[in-house]
Amino acid sequence: MKITLELFLLIGAILFCLGLYIIITKKNVIMVLMGIELILNASNVNLLAFSKFDPFRIQGQMFSIFIIVIAAAEAAVALAIVLRVYELYKTVDLDKINQLKD
Amino acid sequence: MELNHLIQSLPFSNLAAIASLVFCLPILVFLILLFFGHLIKKSDWIATIGMGLNFVLCAYLFSQIWFNNQVIHWRFDWIHLAGSQSITLGLKLDKLSSLLLVSVTFISTLVHLFSQDYMHDDKQYVRYFAYLNVFTTSMLGIVMADNLLLIFVFWELVGLTSYLLIGFWYQKDTAIRASKKAFLLNKIGDIGFLAGLMIIWTMCGTFDLEALYQLYTTSHIIDGNWVLTYTVSGLVVVKSIPMIWLTVLGLGIFAACVGKSAQFPLQIWLPDAMEGPTPVSALIHAATMVAAGVYLLARVFPLLDYHVLIVVAITGAISALMGAYAATSQYDIKKILAYSTISQLGYMVMAMGVGAFKASLFHLFTHAFFKAGLFLSVGAVIHAMHHLQHTLEHKGLDLHFDPQNVHLMGGLRKALPFTFVIYCVTAWAAMGLPLSTGFVSKDAILAGTLAWADAMSNQGYVWAYIIPFIAFFTAFFTAFYMGRQLFVVFFGEFKLPKVYTNAKDAFKYIHDIEWKMKIPLLLLACMSIFIIFTPNPFDGEAGWLYQGISSVPSAVPNVLINSTELSELTHHYHWIALGLSLLVAGAGVGAAYLKYGRNVANNQIASNYQSNPGLMKRLSINNFYLDYLYKNYATSLIIKVADSIAQFDNKVIDKAINGIGVFYVIVSHIVAWKDKYIVDGFVNTVVFSVSKIGTSSAKIQGGKVQLYFAWMLIGVMGLLIWFVW
């Protein structure tokens with residue numbers, strides 16, 4: 001069976017949806033960060049799939065590598081923020097960190 | 001005729017300044033006595049000298065006015081109402097008022113002097129002089145005022161001071177009651193005055209007497225309406241009113257005169273007013289205040305239409321007769337004079353009514369002097385009797401006899417020779433016997449009534465002859481009661497020892513009066529001799545007073561009798577009246593002599609204790625039972641009416657008000673329910689829903705990041721869908 005573009009896009013969509021689901025539902029900040037990673041990876045999958053139509057310049061794959069790098073940096077920054085948040089609130093439960101309403 | 005021109009301001013002159021001073025001086029003395037009287041030793045002399053000075057000033061004013069034939073008139077705007085005429089105040093002195101000024105201050109001065117002795121032992125000595133001064137001021141105010149409103153103000157003030165002086169001995173119950181009676185009866189008349197003033201203001205828009213004359217003379221009778229036409233600041237004003245109101249107006253003002261001058265049917269206060277000190281009776285209730293009614297009549301005389309004048313004449317005649325008849329059997333020495341005053345004032349009022357304007361005023365002045373003289377000499381008698389009572393008390397005889405009862409007097413001519421002479425002279429004038437002032441003025445009035453009756457009968461009113469008939473009848477009674485008083489008090493034997501047998505030698509303790517009382521008596525007696533007023537003892541018209549005062553022609557549009565015709569007729573009747581009055585006065589004195597002069601002692605003692613006097617005598621003693629009638633019919637009727645009104649108030653008006661109250665309570669309950677459940681409910685619903693919306697929308701901003709994210713997601717999806725659609 002030939003793997004078609006639609007299947008790639010489907011996987012990307014599934015990943016995106018899972019990421020979204022995790023972002024919205026999980027209480028833990030770390031889990032939310034993981035959800036964000038999933039979404040980034042979903043976009044990576046999409047970029048890779050579309051880069052098949054650009055065999056010479058492989059711009060999509062380049063983009064993905066950039067994204068992975070930036071995602072790593074982002075994760076580092078985000079985890080640092082999470083650490084600060086944890087120091088401040090002694091919790092990583094997003095439902096309890098609701099000071100924005102004030 | 002421009003009204004604003006008629007009542008324009010008039011400048012203040014030097015003589016007006018003196019007149020104002022005359023007016024203010026007694027007020028000043030009053031205030032000094034009121035506030036510092038107890039600190040000053042000679043407060044009585046301050047009052048007396050102040051009044052004497054006032055008399056001198058008045059005499060100066062009089063000489064200026066009378067001999068230079070001028071009129072002092074000072075007028076200024078008092079109240080200026082927007083869109084209406086202004087109300088003016090002012091001071092006006094013509095011959096008549098200046099003459100009255102002189103006589104008022106003259107008698108007032110004498111009464112001050114007399115009172116120094118008479119009231120000497122009184123605790124309220126200073127207050128007495130203070131009251132006398134404020135009375136004099138208000139009387140001068142009436143005399144000087146140039147408009148009816150101002151006259152009304154002083155009129156009330158005179159009423160007040162009269163009230164204060166009648167009730168001067170406030171410890172005496174009778175005095176308090178007498179003062180209240182006088183005040184209330186005067187008020188009944190004053191209501192008429194007020195009503196008259198209202199009509200005058202409505203019609204004429206001014207109270208100024210001079211302006212009123214002018215307006216009246218230009219008024220007309222059109223179709224039974226009294227029509228006045230004048231301009232106010234150039235705008236023509238036409239006032240029309242049914243003619244009856246012209247009469248009502250006159251009657252209203254006359255009602256004030258009836259009250260103040262003690263005329264029928266309001267005369268009953270005057271005899272009771274004798275409860276006041278005797279000098280007060282002399283000043284206020286004989287010479288000046290009661291004459292204010294006649295003065296007012298003289299002032300408004302041209303404004304009275306003939307219906308009013310007929311009423312005036314009849315009222316005067318009735319009062320004259322009733323007063324004279326009631327005086328014939330009084331036993332209180334002062335009450336005889338009080339009834340005599342009613343009678344004499346009745347004469348003056350009657351003379352006004354019959355158009356004998358000058359005769360009335362002439363009698364006003366002659367009466368003022370001889371009646372003041374009579375009162376003061378009677379005061380001297382009372383004073384002597386009081387002293388006798390005190391002397392007897394010191395001797396250990398505690399007799400509580402009435403010092404004013406004539407039945408206890410008699411033969412006093414020997415004990416009080418000076419008083420006797422004065423009394424004789426003044427009583428001579430009161431009786432209307434020749435060579436006295438009273439004779440001349442009374443003769444003028446009698447001639448006036450005869451002339452009026454003649455003129456009236458020419459117009460078809462034959463009944464008018466009853467007025468001169470009553471007048472002559474009254475003249476008879478006048479001579480009779482004066483003769484009775486003279487004989488009973490001064491002739492015969494002293495009767496006190498006959499009633500109180502243990503006071504046998506009381507007569508020798510009676511002493512004649514001090515010089516301070518003698519001077520006023522002497523001066524007043526001199527003023528009762530004809531030569532003061534006229535060179536001819538049989539004709540007042542030759543006198544200076546008659547020549548000086550000019551009669552004012554009637555200003556009302558409906559005149560019944562021509563005044564020139566009347567004066568010609570008066571001339572014609574002069575000698576007839578003279579003869580007749582001599583005849584009746586002589587008859588009166590003769591009758592008094594026959595009844596009381598001969599054999600006085602037995603006769604009097606007998607009649608004093610006569611158990612069952614005849615009807616005529618009882619009518620006389622009780623003044624025709626007027627007091628009784630008023631008390632039992634008028635007063636009780638008023639009380640009944642008041643009771644029924646109170647009942648109506650309780651039963652109907654209070655009930656209605658309570659019903660309305662209940663109704664409102666019910667309505668308010670309904671409104672409260674509606675407020676609570678409908679209005680408040682609506683508001684609460686709004687509040688509730690707004691708060692619900694608030695809380696539900698607040699949840700959106702719950703501070704939960706994931707929720708924000710979810711909303712953002714929904715938003716982006718929405719946008720996408722919207723774009724793609």
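1. Pro265(B) lies in the loop between α9 (244–260) and α10 (269–272) of chain B, where helices (H or I, at least four residues) and strands (E, at least two) are DSSP runs numbered from the N terminus. A cis peptide bond, with omega at about 5 degrees, joins Phe264(B) to this Pro265(B). Most residues other than glycine have a negative phi, and most peptide bonds are trans.

2. On the basis of the work: this is a predicted model, in which local features need pLDDT of at least 70 and side-chain atom pairs count only at pLDDT 80 or more, while totals for chains, interfaces and linings use all residues. Residues are numbered from 1 along each chain as its sequence is written, and chains are lettered from A and ligands numbered from 1 in the order in which they are written.

3. On confidence: pLDDT is the predictor's confidence in each residue, from 0 to 100, and chain B has a mean pLDDT of 86, with 97% of its residues reaching 70 or more. Where pLDDT is low, the predicted coordinates should not be read in detail. For the complex, the predictor gives an ipTM of 0.84 and a pTM of 0.77.

4. On the overall form of chain B: this chain holds 27 helices and five strands, and its C-alpha atoms fill a box of roughly 150 × 70 × 55 Å, taken along the principal axes. The radius of gyration of chain B is 36 Å, whereas a compact globule of 725 residues would have one near 27 Å; the radius is taken over C-alpha atoms, and the globule rule is 2.2 Å times the number of residues to the power 0.38. Of the 725 residues in chain B, 49% are buried, a residue being buried if 20 or more other C-beta atoms lie within 10 Å of its own, exposed if 12 or fewer, and partly exposed in between, with C-beta atoms placed from the backbone.

5. On contacts within chain B: two residues are in contact if their C-beta atoms, placed from the backbone, lie within 7 Å. Among the contacts in chain B with a separation of 6 or more, 80% are between residues 24 or more positions apart.

6. On one helix pair in chain B: helix α11 (residues 278–287) and helix α12 (residues 289–300) of chain B pack at an angle of about 20 degrees, with their axes 3 Å apart. Because of that angle, α11(B) is roughly parallel to α12(B). Axes here are lines fitted to C-alpha atoms, for helices over the stretch in contact, and angles run from 0 to 180 degrees between N-to-C directions; those under 35 degrees count as roughly parallel, over 145 as roughly antiparallel, 65 to 115 as roughly perpendicular and the rest as oblique. From α11(B) the contact draws on Ile284(B), His285(B), Ala286(B) and Ala287(B), and from α12(B) on Met289(B), Val290(B) and Ala291(B). By class, this contact has six nonpolar residues, one polar and no charged, where Ala, Val, Leu, Ile, Met, Phe, Trp, Tyr, Cys and Pro count as nonpolar, Asp, Glu, Lys and Arg as charged, and the others, Gly among them, as polar.

7. Not counting residues up to four places away in sequence, Leu149(B) touches Ile87(B), Leu197(B) and Phe207(B). Val705(B) is in helix α27 (residues 705–724) of chain B, and Val705(B) and Asp332(B) are 373 residues apart in sequence and 119 Å apart in space, C-alpha to C-alpha.

8. On chain A: this chain has three helices and zero strands, and its C-alpha atoms fill a box of roughly 50 × 25 × 25 Å, taken along the principal axes. Its radius of gyration is 17 Å, whereas a compact globule of 102 residues would have one near 13 Å. Of the 102 residues of chain A, 15% count as buried.

9. On backbone angles in chain A: Ile58(A), in the loop between α2 (29–51) and α3 (59–89) of chain A, has a phi near 30 degrees, a positive value in a residue other than glycine. Lys90(A), in the segment after α3 of chain A, also has a positive phi, near 60 degrees, and Lys90(A) is exposed, with 8 other C-beta atoms within 10 Å.

10. On the contact between the chains: eight residues from chain B and nine residues from chain A take part. By class, the side of chain B that touches chain A has three nonpolar, four polar and one charged residues.
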